[in-house]
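This report walks through one protein model, going from the whole chain to single residues. Please keep the structure open beside the text while you read.

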Amino acid sequence: MTARSTRSTAVAKTRTSRLAAVAAVAVAGSMLLTACGDQTEGSKQPKGGAASAGSGKAPLFSKLPADIQKAGVIKVGSDASYAPMEFTEGSKIVGVDPDIAEALSKQLGVRFEFAQGTFDGLITSIYSGRQDLVMSSMTDNKKRQEGLDDDGKKIGKGIDFVDYFSSGVSLLVKKGNPEGLKTLDDVCGKTVAVQRGTIYEDTFNAQAKKCGAKKLTIQKFDTDAEAQTRVKAGGAVADLNDYPVAAYIAKTSGGGNDFEVVGSQSDVGLFGIGVSKERTQLRDAIKEALDAIIKDGSYTEVLKKWQVEGSAVKSATVNAGQ
């Protein structure tokens with residue numbers, strides 16, 4: 001599903017595909033800063049993410065653990081280099097996740113404080129207690145829940161996830177969809193472009209086998225930016241990317257005049273807010289707050305703002321990823 005997943009299917013399974021997303025955003029003209037340092041030295045985000053909700057008068061303040069109530073802040077680890085989910089504008093972390101955190105803060109009555117860090121250090125920051133949560137477009141899957149590496153070896157305690165966003169991969173085509181593509185099957189007999197070494201290449205390779213004699217030609221590039229350029233020039237009919245990234249590219253590249261997203265998402269999975277397995281009270285408070293913002297409409301408003309409402313979940317779930 002996503003560049004931040006370790007799923008073994010066509011859903012993204014390596015950080016290589018995250019580079020495709022970052023490159024894509026560069027084409028769209030976003031100003032991103034790559035993650036640096038670790039969560040110990042992560043720079044805090046005093047103005048980004050959620051503003052302080054103020055006091056214990058918030059509806060769900062009493063649901064929070066006593067230490068969080070006393071501190072008045074929830075510390076959040078994030079690799080803010082994945083527009084539109086989380087990225088930087090100047091010194092500020094912005095995007096879907098910080099805006100969802102802001103809505104959650106109004107229910108919980110504490111401030112969400114985002115800290116920049118490397119993606120592969122985020123779960124460790126939960127283990128160590130440096131951060132209370134992870135909000136970084138992290139795919140909820142069994143390996144992360146159980147603390148396993150890609151080979152199934154136990155490397156940590158695992159974490160719990162409150163699932164808040166549903167996403168799959170989507171076709172990105174030239175504006176106007178001149179080939180009339182609707183599904184992956186429609187690319188058979190045509191030429192597509194993709195970043196080399198990503199799960200998107202894996203998806204197209206699998207589709208090529210499915211196409212059989214109706215040969216699918218796959219042009220592979222070092223960056224997703226090159227793949228997008230090929231589509232824009234008409235040398236390929238489609239690129240493939242995570243839905244929220246594809247939607248953001250379509251919205252921003254060329255003022256929205258270069259690309260569009262077509263068809264339904266495939267290989268859909270869940271992003272989750274990561275929480276220590278030892279902090280069930282915090283987990284349950286986050287889940288209740290998420291259900292509250294879904295019910296009051298503020299969750300939907302965030303997704304509409306970033307034009308990713310197709311990734312909405314109907315209710316909060318815990319560890320629903322596979």
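What is the mean pLDDT of the protein, and what percentage of its residues reach 70 or more?

## Confidence in the model

The model is a predicted one, and the mean pLDDT of the protein is 85, with 83% of its residues reaching 70 or more. One stretch should be read with caution: over residues 5–54 the pLDDT stays under 50, and for this stretch the model has 150 contacts beyond four places in sequence.

## The chain as a whole

The protein has 10 helices and 12 strands, and 55% of its 322 residues count as buried. Among contacts between residues at least 6 apart in sequence, 77% join residues at least 24 apart.

In soluble globular proteins, nonpolar side chains tend to be buried together. In this model the largest nonpolar core has 60 residues, and those with the most contacts inside it are Ile-74, Ile-100, Leu-108 and Phe-112. A second, separate core has 19 residues, including Val-169, Leu-171, Tyr-200 and Ile-218.

Which residues does Ile-74 touch, leaving aside those up to four places away in sequence? Among them are Leu-64, Ile-68, Leu-108, Val-110 and Phe-112, as well as Leu-282 and Ile-286. The list also includes Arg-111, Glu-113 and Asp-132. Phe-112 and Ile-74 are 38 residues apart in sequence, yet their C-alpha atoms are 4.8 Å apart in space.

Phe-112 has its place in strand E5, and Phe-112 is buried, with a relative accessible area of 0%. Strand E5 covers residues 111–116, and because 5 of these 6 residues are buried, the strand is largely enclosed by the rest of the structure.

Strand E2, which covers residues 73–78, is joined to E5 by 6 bridges, and the two strands run parallel. One of the residues to look for here is Val-76, whose bridge partner in E5 is Phe-114. The backbone nitrogen of Val-76 also lies 3.4 Å from a polar atom of the side chain of Gln-131. Gln-131 itself lies in the loop between helix H4 (122–128) and strand E6 (133–134), and with a relative accessibility of 7% this residue counts as buried, because the cut-off for buried is under 20%.

## The disulfide

How many disulfides does a search of the whole structure find? The search finds 1, and this disulfide joins Cys-188 to Cys-211, with an S to S distance of 1.9 Å. The pair links distant parts of the chain, 23 residues apart: Cys-188 is in the loop between strand E7 (159–174) and strand E8 (191–195), whereas Cys-211 is in helix H6, residues 199–211.

Is the disulfide of Cys-188 and Cys-211 left-handed or right-handed? The torsion about the S-S bond is about -80 degrees, so the disulfide is left-handed. Both Cys-188 and Cys-211 are buried.

## A covered helix

Helix H8, made of residues 243–252, is mostly covered, since 8 of its 10 residues are buried. The buried residues are Tyr-243, Pro-244, Val-245, Ala-246, Ala-247, Tyr-248, Ile-249 and Ala-250. Just after H8 comes Gly-254, which takes a positive phi of about 60 degrees.

## Backbone details

Most residues other than glycine have a negative phi, and most peptide bonds are trans. With that background, a few places in the backbone deserve a look. The peptide bond from Ala-83 to Pro-84 is cis, with omega near 5 degrees, and Pro-84 is found in the loop between E2 and strand E3 (87–89).

Asn-177 has a positive phi of about 45 degrees although it is not a glycine. Asn-177 has its place in the loop between E7 and E8, and it is buried, with a relative accessible area of 15%. Asp-267, also a residue other than glycine, has a positive phi near 55 degrees. Asp-267 is found in strand E11, residues 259–276, and Asp-267 is partly exposed, with a relative accessible area of 29%.

Technical notes. Residues are numbered from 1 along each chain as its sequence is written. This is a predicted model: local features need pLDDT of at least 70, side-chain atom pairs count only at pLDDT 80 or more; totals for chains, interfaces and linings use all residues. Side-chain values use heavy atoms; hydrogens and water are left out. Helices (H or I, at least four residues) and strands (E, at least two) are DSSP runs, numbered from the N terminus. Buried means under 20% relative accessible area, exposed over 50%, partly exposed in between (1.4 Å probe, protein chains only). A polar contact is a pair of N or O atoms within 3.5 Å; within protein, one must be able to donate a hydrogen and the other to accept it, and residues adjacent in sequence count only if both atoms are side-chain atoms. pLDDT is the predictor's confidence in each residue, from 0 to 100. Contact means heavy atoms within 4.5 Å. A disulfide is a pair of cysteine sulfur atoms within 2.5 Å. A nonpolar core is a set of buried Ala, Val, Leu, Ile, Met, Phe, Trp, Tyr and Cys residues joined through side-chain atoms within 4.5 Å. Two strands pair if DSSP finds at least two bridges between them.
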